Amino acid sequence: YRGTFQGQDMLICRQVDDMLMAGKDANIVRQFAMEVSKKLKVTCGEEPSIHFNGLDILQTKEGIKINCRSYIDKLCRAHGWNDVSNKPLEPISPSKVKELEDTVGPPVDSAEGKLLQKQNGFNY
């Protein structure tokens, strides 16, 4: 959301019950958070937020950098993918692409299809 509070531009990013507030003046942002806390339960940190819903936020004089490296690392650790290398993927040969295109998997309703869905945790 975008709006003004006490004559200052404010940006608010909200997802369900998480909220990130931004403005040029940290004192105005705190005052705005206090106003919001009159209606909602608000927990504010003293320092600018560096994380929001899986995003890493770095603000410098040059600009704002947003990525999700820490969230990706957390997912990798949770699934045991700690040894994933940063080695570039090898290109797939045209013959392999053709082979993959021509591959037909089991029917979704077959026993094999159901087993694959169960093992992989999602439906095809």
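**Reading the strands and surface**

Modeller: Along the sequence, the protein runs β-β-β-α-β-β-β-α-α-α. Helices (H or I, at least four residues) and strands (E, at least two) are DSSP runs, numbered from the N terminus. The model is predicted: local features need pLDDT of at least 70, side-chain atom pairs count only at pLDDT 80 or more, and totals for chains, interfaces and linings use all residues. Residues are numbered from 1 along each chain as its sequence is written, and side-chain values use heavy atoms, leaving out hydrogens and water.

Colleague: How many helices and strands does the secondary structure come to?

Modeller: Four helices and six strands.

Colleague: What is the order of the strands in the open sheet?

Modeller: First the general idea. Strands of a sheet pair through backbone hydrogen bonds, either parallel or antiparallel. Here, two strands pair if DSSP finds at least two bridges between them. The open sheet has three strands in the order β4-β5-β6, with antiparallel pairing. β4 (51-52) and β6 are the edge strands, each pairing on one side only.

Colleague: Over how many bridges do β4 and β5 pair?

Modeller: Two, in the antiparallel sense; β5 covers residues 55-60. H51 has D56 in β5 as its bridge partner.

Colleague: Is I66 buried or exposed?

Modeller: Buried means under 20% relative accessible area, exposed over 50%, partly exposed in between (1.4 Å probe, protein chains only). I66 has a relative accessible area of 53%, so I66 is exposed. I66 lies in strand β6 (residues 63-67).

Colleague: What share of the residues counts as buried?

Modeller: 13% of the 124 residues.
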